[in-house]
Amino acid sequence: MPLPTTGFLLLAAAAGQASEGTVPPLWDGSLAQAEVQALDGHPELRAARAAARSAEAGVVQAGGLPEPTVGVGVFLRPVETRTGPQQARVSIQQPLPWPSAVRAERDAAAARLDSVLATVQDRERVLRARVQATYWDLWEVRARVHVLSGHLAMLEGLVTSVRGRLSAGELPLSALQQVELERAQLADRIATLQAREETVEVRLATLVGVPLGSRLPTHDEPPPPQSPTLDLPALSTLLTTAHPIQAAVSNEAAAAAEVKGAQVARRPRVSLRADWILVGPSELADPMESGQDALVLGTGLTLPTSWRARTARVDDMRARADRSRAQTDAVMRQLQSQLADHLTAVEDSARSLLLTRDVLVPEALAALTSTQGEFVAGRTPLSDVLFAQRTLFDLQLALVRHQAAHARAWSALDALLATAPTRREAS
């Protein structure tokens, strides 16, 4: 009795098949839709965007004039003057900040806003990468289930063949027991993967904000084996516009502006003052001059008596600026290290994917087909068939793993760079 044979499994298409269940209204099974839903309402992004609105309001508040001081006084004992008794005094005083201090405050607020906006974009980048990685995790689990299910079906056919030859006395009972054991182990692996599928599906649902228990199809296919057209030094130049480094650079600019503001704060501060003195009518003065109010204009100078404290603040701001510059350098070095890791992952997964897809799996399939024919003809033992089948599905599982790893590696590389690098077919 001939055994069933299998062709090359179309893993990407099989992984996209979703089981029956409730599908969220906005979920179409695409990775793009998953990203849109995650970026639209994730709590971390909502918090970051609220911080950006707060920083934007801080720019409007920065650099304004200090609030004036208005005072009112009543003479309990009027002061007699030539034009009449002084009865009350109304005064207003307006401090005048140095223009350079105003500019420094505005520059610092604007730089902090830029930093917060860059942080929002970086949070979006990180969330997008998490969604993509989880999406391909789910795709990988489903593709592995499909591979194992295909081989379980092959074992079912093998069981039928072995039973027929057992009845004819061509094989011992141990041969059937061996196949049954292989089938039970495979069924257990499938059950384990199906439980993991539910866990990964919950992770994806929490990221994109759909009800738990919803069935989330994964219709997209992993990208083909590709490599960047640029090498590592060329790709590193793209890091200067990446969101993490932009946030660090903006923090550095804010710290530099705060240093200027602290330096200006050590200077004397000028204020303007106006006093309006209400004068009552006088019986002695000329009627034309009687009761004339007095208006006094003056200026004041606030002297920085706490020079030591103000100098210490300048030193504090300079130290913070030095820390910001060091943090910018640290972020750049970290990004360069991550870039090298992601680039290696992309190229290594592309190489493994090509080898497994174009060489190893076809050779294993041919070997299984040949071994099955030899077994039917009675020229090879059952153990050789089981070994050939196990080798084939191990390589097909490796192919699934390489496909998902290549997709995740490209997602991480694209997310790290502000501009996605162009791709070429790997060879």
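1. Basis. The model is predicted; local features need pLDDT of at least 70, side-chain atom pairs count only at pLDDT 80 or more, and totals for chains, interfaces and linings use all residues. Residues are numbered from 1 along each chain as its sequence is written, and side-chain values use heavy atoms, with hydrogens and water left out.

2. Sheet. Four strands make up an open sheet in the order E1-E2-E4-E5, with antiparallel pairing. Helices (H or I, at least four residues) and strands (E, at least two) are DSSP runs numbered from the N terminus, and two strands pair if DSSP finds at least two bridges between them. Strand E1 (69-81) and strand E5 (294-302) stand at the edges with a single partner strand each, so one side of each is left without a neighbour in the sheet. On average, neighbouring strands are turned by 20 degrees against each other, direction ignored.

3. E2 and E4 are joined in the antiparallel sense over ten bridges; Ser 91 stands opposite Asp 275 in E4. E4 and E5 pair in the antiparallel sense over nine bridges. In E5, Leu 297 is the bridge partner of Ala 274, and Ala 294 is that of Ile 277.

4. Helix pair. Helix H8 (residues 307-376) packs with helix H9 (residues 382-416) at an angle of about 160 degrees, their axes 7 Å apart. Axes are lines fitted to C-alpha atoms, for helices over the stretch in contact, and angles run from 0 to 180 degrees between N-to-C directions. H8 and H9 are therefore roughly antiparallel to each other (a term for angles over 145 degrees). The contact of H8 with H9 has 25 nonpolar, twelve polar and two charged residues. Here Ala, Val, Leu, Ile, Met, Phe, Trp, Tyr, Cys and Pro count as nonpolar, Asp, Glu, Lys and Arg as charged, and the others, Gly among them, as polar.

5. Largest pocket. The largest pocket holds about 590 Å³ of space. A pocket is an open set of points on a 1 Å grid where a 1.4 Å probe fits, with protein on both sides within 12 Å along at least five of seven lines; lining residues have an atom within 4 Å of a point. Of the 30 lining residues, Pro 97, Ala 101, Glu 105, Gly 261 and Ala 265 are the closest to the centre. H4 gives the largest share of the lining, seven residues. By class, the lining has 17 nonpolar, five polar and eight charged residues.

Notes
Parallel < 35°, antiparallel > 145°, perpendicular 65-115°, else oblique. Points joined across faces, edges and corners; volume = space filled by probe spheres on them.
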